[in-house]
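Subject: Structure handover

Hello,

Please find the sequence and the structure below. My notes on what was found follow after them.

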Amino acid sequence: GMLVIPIIMVLGIGFMLFMAMEAAVPMMAAGFDPVQMLIMSYFVNFRHTFYGLALLEKYKDTQPFKPFLIYALADEPFSLAVSSDAPEGMEPRYFFFGQTLLLYVYWCGLTALGSVLGKIITFDTTGLDFALNALFIVFFLQQWKDRSKRPACVIGVAVTLLARIAFGPTMFLIPALVGMLLVFWLGRDKL
């Protein structure tokens with residue numbers, strides 16, 4: 001049957017877990033175990049460690065917003081932060097804070113709205129799971145347009161493919177992230 005979660009609980013989970021919603025809902029359906037949920041949330045969000053490392057330079061002067069920027073760092077804020085800069089005349093800390101706050105509020109609010117509408121409107125969602133992949137393809141192509149960023153794009157794709165071949169389709173993500181981090185760190189003066 002369908003899992004029915006009260007709207008207040010959806011909002012609470014959205015504001016607290018933010019990025020781990022995709023793991024939290026199925027775990028609650030199977031029976032709530034807080035320790036298991038904490039461990040799963042950590043592993044689901046481990047990639048954000050690498051996101052944070054990639055944004056050290058952009059986020060270095062973001063006080064007093066830095067704790068929130070760290071907390072709310074998810075796929076979407078990361079993608080926007082690496083592919084955009086503050087407009088001329090605007091302090092980067094306000095730009096990144098506003099961008100991340102809007103995404104956070106949209107995420108939580110639309111999660112709650114989706115919970116309500118999901119109970120009212122029902123339809124077959126087969127095939128909609130491509131949306132996040134499409135978003136990252138758009139961000140990749142945006143980076144590719146800038147000739148100076150093409151080496152980083154090629155490195156990212158090459159390291160990911162090598163990790164996928166070496167570690168298989170279920171275990172390649174962390175080795176790929178570590179590999180990219182290592183390559184970019186070693187080549188930081190040249191890239």
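Helices α4 and α10 pack at an angle of about 15°, and their axes are 10 Å apart. Axes here are lines fitted to C-alpha atoms, for helices over the stretch in contact, and angles run from 0 to 180 degrees between N-to-C directions. The two helices α4 and α10 are therefore roughly parallel to each other; angles under 35 degrees count as roughly parallel, over 145 as roughly antiparallel, 65 to 115 as roughly perpendicular and the rest as oblique. The crossing in which α4 passes α10 is left-handed, a term used if the near helix is turned anticlockwise from the far one by less than a right angle. Where they meet, Arg 47, Phe 50 and Leu 53 come from α4, and Leu 177, Val 178 and Leu 181 from α10. Contact means heavy atoms within 4.5 Å.

Some background before the rest. This is a predicted model, in which local features need pLDDT of at least 70 and side-chain atom pairs count only at pLDDT 80 or more, while totals for chains, interfaces and linings use all residues. Residues are numbered from 1 along each chain as its sequence is written, and side-chain values use heavy atoms, with hydrogens and water left out.

The protein chain has 10 helices and zero strands. Helices (H or I, at least four residues) and strands (E, at least two) are DSSP runs, numbered from the N terminus. Of its 191 residues, 31% count as buried; buried means under 20% relative accessible area and exposed over 50%, with partly exposed in between (1.4 Å probe, protein chains only). Among contacts between residues at least 6 apart in sequence, 61% join residues at least 24 apart.

To stay with α10: this helix has 14 residues and reaches 20 Å from its first C-alpha to its last, close to the 20 Å expected at 1.5 Å a residue. The expected span is 1.5 Å times one less than the number of residues. Ala 176, Leu 177, Gly 179 and Met 180 are buried in α10. They cover an arc of only 160° around the axis, which puts them on the same side of α10; the arc is that of the directions from the helix axis to the C-beta atoms. What covers these buried residues includes α4 (47-54) and α9.

Helix α9 (residues 150-167) has 18 residues and should span 26 Å at 1.5 Å a residue, which agrees with the 25 Å between its end C-alpha atoms. Its buried residues are Cys 153, Ile 155, Gly 156, Val 159 and Ala 163. They lie on the same side of α9, because they cover an arc of only 165° around the axis. These buried residues pack against α8 (131-145) and α10 (173-186). The face of α9 turned away from them carries the exposed residues Leu 161, Leu 162 and Ile 165. Just after α9, Gly 168 takes a positive phi of about 85°.

Beyond its neighbours within four places in sequence, Thr 100 is in contact with Tyr 59, Phe 68, Leu 69, Ala 72 and Pro 77.

Last, the peptide bond from Gln 63 to Pro 64 is cis, with omega near 5°. Pro 64 sits in the loop between α4 and α5 (66-71).

Regards
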